[in-house]
Amino acid sequence: MGGRLVKAEPKEHAHEALAERSIDLSVDLGRGLMLENPILVASGTFGFGVEYGEVVDIQRLGAIFSKGTTLRPRIGNVTPRVTETPGGMLNSIGLQNPGVDAVIERYAAQWARWRVPVIVNVAGESVADYVEVVSRLDGVPGVAGIELNISCPNVGKGGLQFAIDADAAASVTAAVRRATDLPLLVKLSPNVADVRPIAQAIADAGADALTAVNTLSGIAIAPSRQRPLLGNVYGGVSGPAIKPIALRIVYEVAQVVHVPVIAIGGVTELGDVLDFLAAGAVAVQAGTAIFADPALPVRLVDELEAECRARGLDSYRSLIGTALPTRAGPPSARGAEYRP
Ligand SMILES: Cc1cc2nc3c(=O)[nH]c(=O)nc-3n(C[C@H](O)[C@H](O)[C@H](O)COP(=O)(O)O)c2cc1C
């Protein structure tokens with residue numbers, strides 16, 4: 001008998017071939033916005049990206065979400081503006097930023113040279129504010145998309161936040177949608193009883209994707225116990241303490257909208273990323289954890305890739321939505337989900 005025509009590959013080589021196979025981590029957020037991977041950095045926790053260029057290889061991130069940008073420069077709220085809380089922090093920075101024109105002038109040319117897309121986070125106090133900021137960003141090379149921070153007081157509605165009212169959220173989304181062809185993401189607030197009608201209204205108004213969630217409203221008390229600690233009284237709670245709430249909201253929203261959902265809230269390790277994917281998110285932003293560990297987001301890209309390889313997956317996509325029920329649950333207005 002002749003020898004075998006094809007020699008069996010030695011075990012080590014077979015293993016090497018598997019190790020070298022590239023894993024598809026790409027994310028399609030619609031309207032031409034393709035990300036290389038689903039690990040992103042959250043608005044307000046990564047500056048305008050340029051600040052971290054020396055510290056980490058920012059080009060390896062899926063996308064950078066800029067600091068909140070407004071029409072005019074803002075000096076932010078009075079101090080103190082930040083305090084630690086169990087499992088997180090409370091901040092009331094108050095959207096300190098140099099204004100949209102300065103943001104474009106200082107950063108856009110640099111962003112245009114980067115491989116990593118930069119999504120500009122936009123804030124305003126009226127629909128006209130949002131539309132004006134977005135119109136100025138529209139067509140600027142280096143601006144890959146817009147994320148609307150609608151957790152801002154709506155001057156026209158007596159200071160009520162856009163994000164807590166389905167009609168207000170839909171009108172600002174629709175107005176911005178008419179003003180730009182850029183990919184449009186809208187950021188949901190967790191400070192509502194039922195986020196689903198709001199998410200649906202925003203998606204119906206033309207958002208390409210939703211991001212969830214912004215910070216939770218909270219306060220701290222000054223050591224004297226004579227007044228609240230923050231100069232602004234109210235601040236936003238972020239960090240690991242809010243992860244279960246963010247997970248619940250992603251889980252609820254992913255079941256009622258057909259646009260991609262990006263998760264944010266308390267990510268500190270790969271397990272958090274996998275949890276949010278399982279709850280239906282297509283991508284995840286790291287936020288507060290970056291202050292303590294700026295290398296975290298890039299490490300998460302490597303760890304997600306290694307996780308896929310270890311599970312024998314070609315793509316991370318089969319990790320998305322694995323924990324979702326096959327049918328949407330009843331609306332929370334009926335109080336069906338939460339029975340203490
Ligand atoms: C200091 C600080 C500044 C922030 N600034 C913004 C902002 O300008 N616009 C925005 O949409 N979200 C802002 N956020 C909210 C974060 O993007 C994120 O939604 C929130 O912190 C929850 O994620 P985390 O728990 O991973 O931090 C800020 C958060 C922090 C801690």
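**Reading salt bridges and a ligand site**

Modeller: Let's start with arginine 31, which is partly exposed, with a relative accessible area of 43%. Partly exposed is the range between buried (under 20%) and exposed (over 50%), with a 1.4 Å probe and protein chains only. This is a predicted model, where local features need pLDDT of at least 70 and side-chain atom pairs count only at pLDDT 80 or more, while totals for chains, interfaces and linings use all residues. Residues are numbered from 1 along each chain as its sequence is written, and side-chain values use heavy atoms, leaving out hydrogens and water.

Colleague: Which side chain does arginine 31 meet in a salt bridge?

Modeller: Side chains of opposite charge can pair when their charged atoms come close. The rule here asks for a side-chain nitrogen of Lys or Arg within 4 Å of a carboxyl oxygen of Asp or Glu. Arginine 31 meets aspartate 208, at 3.0 Å from N to O. Arginine 31 sits in the loop between β1 (27-28) and β2 (34-35), and aspartate 208 in the loop between α5 (196-204) and β12 (209-212), so the pair ties together parts 177 residues apart in sequence. Those labels are DSSP runs, numbered from the N terminus: helices (H or I) of at least four residues and strands (E) of at least two.

Colleague: Is aspartate 208 buried or exposed?

Modeller: Aspartate 208 counts as buried, at 13% relative accessibility. Aspartate 208 also forms a salt bridge with arginine 177, at 2.9 Å from N to O. Arginine 177 belongs to helix α4 (residues 166-179), 31 residues from aspartate 208, and the pair links distant parts of the chain. Arginine 177 is buried too, at 13% relative accessibility.

Colleague: How many salt bridges are there by this rule?

Modeller: The count comes to 18. One of the pairs is arginine 196 with aspartate 194, at 3.2 Å from N to O. Arginine 196 is buried at 8%, and aspartate 194 is buried at 16%.

Colleague: Now the ligand. Which residues come nearest?

Modeller: Of the 22 residues around the ligand, Ser43, Lys187, Gly239, Gly266 and Thr288 come nearest. A ligand oxygen is 2.8 Å from a side-chain N or O atom of lysine 187, and a ligand oxygen is 2.6 Å from a side-chain N or O atom of threonine 288. The protein covers 94% of the 600 Å² of accessible area (Shrake-Rupley method, 1.4 Å probe) that the ligand has on its own.

Notes
Near = heavy atom within 4 Å. Polar contact = N/O pair within 3.5 Å; in protein donor to acceptor, adjacent residues only side chain to side chain.
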